[in-house]
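Please open the structure in your viewer and keep the selection tool at hand.

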Amino acid sequence: MSVQGRRVLLCVGGGIAAYKACELARLLVKAGAQVRVALTPAAQRFVTPLTFQALTGSPVATDIFSAEQDLAAGHIALADWAELATVAPATANLLARLRIGQSDDMAAAALLAIEPRRWLLAPAMNEKMWASPAVQENVRVLKERGARFVGPAVGEMAERSHVGPGRMSEPAEIFAACADALAPRDLENVKVLVTAGPTREMLDPVRYLSNPSSGRMGYAIAEAARDRGARVTLISGPVELPRPADVEVVDVVSAEDLARAVDERLDGVRVVVMAAAVADQRPATRASRKVKKQPGDETMTLVRTPDILAGLGARAQRPMLVGFAAESENLEENARDKLARKKLDLIVANDVADAFGKETNRVLVLGKDGARREVQGPKLSVAHAIWDMVRERLGG
Ligand code: C5P
């Protein structure tokens, strides 16, 4: 995703990580973005307006009561101008103020006049502050309103003896997240269906067969499609992820639930992305009460679950189909075999060692038309690369 010519408002909060915001401003400018900067009063205790003015070539907004700044570009003018508002560092104080709408400085006032969906927040604070119930609740609420987050990263804090999540993400990573957030609206009103997460196949009311899929890749695919203007239905197995804003989420538990949910929601869908790690087998019977322990070994009979993708591939009228292949050996060969056997348009193959539970991913995308692309990076960037390939094949 390119930031060339795009308008980014960089809001800097008052934390030690503010110095890294200078590097972020430089990266954005170097990549051709138009950058304006707003500093909170606390930020000005760490970095100066002059630094950012020199880096961006534009005056910096620092004082909400300055008649001069108001004439040049007041908070509303800045908000109207910005396509994306990146907050780095997003301190605990700034997160709290954004949550309650307290806008007593330039940065917060401009932010409040921008929809949360266009905020990219890069939190930075001591790990104990980050873990506090107050901060976590603010983060949850801001996410529910559509704000996106990058980080915080795990690592050494300014107080050297402290290590934990709370460190601001590196400028290069925030830059990449800015680029993703500025995705083109090239899937406007395209109806897509995404599946994500594991399934659970119950043996009895308390035990089940499942896998460690976190759902992150599928959720990133749903969010990326939404950001590009698609109308997204996300069918999700049990995961511990916040619900993406502006996406219809359907919760399922078993492979059979998932098959049914897909079937019921296919009307008008142009692309199906099956990122769910669907169980291939389920116990033949499900006890209605908790099964009692038996002395000695036991044998369980498993039966196959429906192959949802293969079922869709076999239809005469079918949407574009994108499958996933998590492999532990012969990645490309196995993925090619699945691509053909399930009659898919694209398959995203990853090594199980790279895939489950991580923030980043490394994948090989193969197309039935012979396309072959390797992609590596945060799951949201990988998701955009997949949608780029879908878009190229979708037609008008
Ligand atoms: O054959 P395998 O399970 O490796 O195929 C993986 C792909 O097939 C994934 O896209 C997965 O979502 C999909 N799948 C499915 N129904 C199943 C099992 C897998 O649609 N029962």
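Select arginine 26 and glutamate 23, which lie three residues apart in helix α1 and are therefore separated by about one helical turn; helices here are DSSP runs of H or I with at least four residues, strands are runs of E with at least two, and both are numbered from the N terminus. The two side chains form a salt bridge, with 3.2 Å between the closest N and O atoms; the term requires a side-chain nitrogen of Lys or Arg within 4 Å of a carboxyl oxygen of Asp or Glu. Arginine 26 is partly exposed, at a relative accessible area of 34%, and glutamate 23 is also partly exposed, at 33%. Buried means under 20% relative accessible area, exposed over 50%, and partly exposed in between, computed with a 1.4 Å probe and protein chains only.

The model is predicted: local features need pLDDT of at least 70, side-chain atom pairs count only at pLDDT 80 or more, and totals for chains, interfaces and linings use all residues. Residues are numbered from 1 along each chain as its sequence is written, and side-chain values use heavy atoms, with hydrogens and water left out.

How do the two axes meet?

Next, select Ile16, Tyr19 and Phe46, a nonpolar surface patch with about 340 Å² of accessible area together. Such a patch joins nonpolar side chains (Val, Leu, Ile, Met, Phe, Trp, Tyr) within 5 Å, from residues with over 30% relative accessible area and no salt bridge. Isoleucine 16 lies in the loop between β1 (7–12) and α1 (18–30).

Further salt bridges can now be visited; the count comes to 35. Glutamate 170 meets arginine 167 at 3.1 Å, N to O. Both are partly exposed: glutamate 170 has a relative accessible area of 37%, and arginine 167 has 28%.

Finally, select arginine 265 and glutamate 264, whose salt bridge spans 3.5 Å, N to O. Arginine 265 is partly exposed at 25%, whereas glutamate 264 is exposed at 56%.

Definitions and conventions. Patch = residues over 30% accessible without salt bridge, like charges linked within 9 Å, V, L, I, M, F, W, Y side chains within 5 Å. Areas by Shrake-Rupley, 256 points an atom, 1.4 Å probe, with all protein chains shown as cover.
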